[in-house]
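Take a look at the model below. This briefing picks out a few of its local features.

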Amino acid sequence: MLVEIRSNKFRTGSVSFGPGLNVILGDENATNSIGKSTLLMIIDFALGGDSLIEHNRDLVPELGEHDYYFVFQFEGESYRFRRGTAEPNLTYYCNEQFEPERFMSLDEYTALLKRLYGIDIPHLTFRSLVGLYARVWGKKNLNVARPLHVVPEQKSRDCVDTLLKVFERYETIHALTEALTAAEAKEKALRAAQKQSIVKSIGKRQHATNQERIAVLESDLADIRDNLAKYATSLSAVINKEVLALKRDRDQLLESRLTIESRLQRVRRNLAENRSIRKGSFAELVHYFPVIDADRLERVEEFHNDVARLLREELAQSAKQLEQQLAQIDSAMREVDAGMALTLSSVDDPGGLVDRVVGLSRELIVAQQENDHFESQNMIRAEVSNLSDTLDEEKEKILAVVQAAVNDAMARIVRSSFGDDRKSPHLTLRESNYSFEVNDDTGTGVAYVGLVLFDLAVFLSTKLPVVVHDTLLFKNIENHSVAHLVNIYQSVQKQSFVALDEIYKYGEVTAELLRSKSVIQLDDNNVLYIKDWRKKKQPA
């Protein structure tokens with residue numbers, strides 16, 4: 001815990017602290033600008049914060065560059081540090097005489113504080129843990145509707161995640177998120193490989209075709225392997241098998257060729273025949289049958305000739321198609337003949353068998369790789385979908401648990417401090433946002449009590465080591481309710497730093513408690529620093 005802060009700019013030289021409640025007392029006039037909020041800022045500065053330098057811009061112009069010395073005590077051992085306004089991003093580890101021995105970055109310093117405080121929450125920095133709960137005038141975490149925001153521009157999703165971490169409910173979400181990110185990265189890499197043609201993209205139909213081809217290739221390779229000894233002594237067995245297969249293909253092609261060639265010959269004969277009959281052909285018929293109308297016979301024949309001309313055109317088209325089919329069959333037969341020749345030529349050349357094995361193996365590898373990538377892609381897609389669904393379900397459960405824990409703790413504090421009739425604030429958590437409702441709120445001053453209740457709920461329910469609350473949070477809260485809240489701070493051994501003034505309005509008992517827990521009392525004549533720059537300089 002923090003036990004002392006020293007500075008040669010303090011009027012008292014140092015301020016000491018104890019476990020539990022530590023009170024910075026103001027006067028009964030609620031005098032402003034005497035150093036109450038500034039001392040709370042310095043406490044936050046000791047815990048690694050930077051609002052002291054950002055907000056109190058008049059410190060250095062009025063006091064010059066200066067240092068603060070912090071003493072922490074853990075398990076009976078004291079740890080001393082120095083941090084100054086000139087280099088606030090550096091902290092020095094000091095010996096018992098407060099002489100600096102070594103420096104460390106601010107991140108290293110806060111990491112050390114996290115370890116010394118015994119905070120073993122993963123994925124959560126010390127500042128992410130304590131920074132929000134130092135609510136001091138001038139800091140940016142005083143929005144009564146956004147109690148999870150350290151600064152207004154912070155993403156709501158990050159605020160919710162931080163609260164889950166504080167309640168130590170984030171580890172499962174983190175593990176699932178990491179797994180989902182890794183799966184999405186694999187899916188993205190596979191898509192990129194397909195886009196660059198490094199991996200061929202296939203569909204279900206090609207996958208099924210590959211499966212059938214893989215079975216055939218594996219069977220062929222297995223046959224060669226199982227009969228290798230026989231093949232080694234008699235390659236003709238392999239050759240005969242292949243030649244027979246090729247011969248069957250050739251016979252089928254030849255049979256098809258004969259059929260088509262026969263049809264083509266019939267078509268050509270029909271085209272070659274000329275059966276047109278002219279008028280002179282009717283002369284002999286007229287001689288024997290003078291009553292026959294020769295002109296009418298000729299017109300009938302002309303009609304028949306027109307029909308025949310149309311048939312010849314169709315026959316010519318059919319002949320052309322049959323000739324093309326013959327050409328295709330002849331080409332296929334030439335390929336088969338070449339394959340037979342190549343196969344027969346390998347009877348005396350064992351390399352043919354090797355070439356066949358290599359060819360089959362290559363084809364098998366390609367088909368297997370295509371199918372492997374297709375199956376991997378489907379598995380990755382299913383993995384991404386399943387992880388995404390599981391993550392959503394787990395988040396929903398965890399959000400509900402933490403939400404209930406905070407709301408229950410606030411409700412208990414409200415009942416003990418304000419009575420059963422007072423409604424408690426209500427926190428609603430969603431994955432990427434949240435809402436905080438303070439019931440019966442009529443203004444910002446009243447709503448500040450919601451921040452106090454929320455902070456105390458977290459303080460009582462988690463490993464949060466400190467809370468720092470300024471006087472403005474207690475304005476417009478009923479006096480008897482403040483007295484009850486003081487008892488809650490006092491009931492916890494973890495350190496709380498609270499600034500209050502006008503303490504006698506809270507009752508004699510509470511005032512006496514606050515005085516006993518006072519670490520410094522400030523008023524119009526006794527300000528925090530050795531210099532009071534509120535007073536304007538008189539003109540010469």
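The points below cover ring pairs, backbone angles and surface charge. The model is predicted. A search of the whole structure finds 19 aromatic pairs.

**Aromatic pairs**
- Tyrosine 69 and phenylalanine 98 form an edge-to-face pair, 5.7 Å centre to centre with 85° between the planes.
- Tyrosine 69 sits in strand 4 and phenylalanine 98 in the loop between strand 6 (90–94) and strand 7 (100–105), so this pair ties together parts that are 29 residues apart in sequence.
- Tyrosine 69 is partly exposed at 21% relative accessible area, whereas phenylalanine 98 is buried at 12%.
- Phenylalanine 81 and tyrosine 109 have ring centres 5.1 Å apart and planes at 70°, so they too are edge-to-face.
- Phenylalanine 81 lies in strand 5 and tyrosine 109 in helix 4, so their pair ties together parts that are 28 residues apart in sequence.
- Phenylalanine 81 is buried, with a relative accessible area of 0%; tyrosine 109 is buried at 0%.
- Ring pairs link a cluster whose members include Phe81, Tyr109, Tyr93 and Phe126.

**Positive phi angles**
- Most residues other than glycine have a negative phi.
- Glutamate 75 has a positive phi, near 50°, and lies in the loop between strand 4 (67–74) and strand 5 (77–84).
- Glutamate 75 is exposed, at 89% relative accessible area.
- Histidine 123 has a positive phi, near 65°, and lies in the loop between helix 4 (106–116) and helix 5 (126–130).
- Histidine 123 is partly exposed, at 37%.

**Surface charge**
- Asp389, Asp392, Glu393 and Glu396 gather in a surface patch of negative charge.
- Glutamate 396 is in helix 13 (residues 351–418) and is exposed, at 60% relative accessible area.

How values were computed. Residues numbered from 1 in each chain as written. Predicted model: local features only at pLDDT ≥ 70, side-chain atom pairs only at ≥ 80, totals over all residues. Heavy atoms only, no water. Patch = residues over 30% accessible without salt bridge, like charges linked within 9 Å, V, L, I, M, F, W, Y side chains within 5 Å. Areas by Shrake-Rupley, 256 points an atom, 1.4 Å probe, with all protein chains shown as cover. Salt bridge = Lys/Arg side-chain N within 4 Å of Asp/Glu carboxyl O. Lys, Arg positive; Asp, Glu negative; His and termini not counted. Charge placed at Lys NZ, Arg CZ, Asp CG, Glu CD. Helix = DSSP H or I, 4+ residues; strand = E, 2+ residues; numbered from the N terminus. Buried < 20%, exposed > 50% of the residue type's maximum accessible area, 1.4 Å probe, protein only. Phe/Tyr/Trp six-rings, centres within 6.5 Å; stacked < 30°, edge-to-face > 60°.
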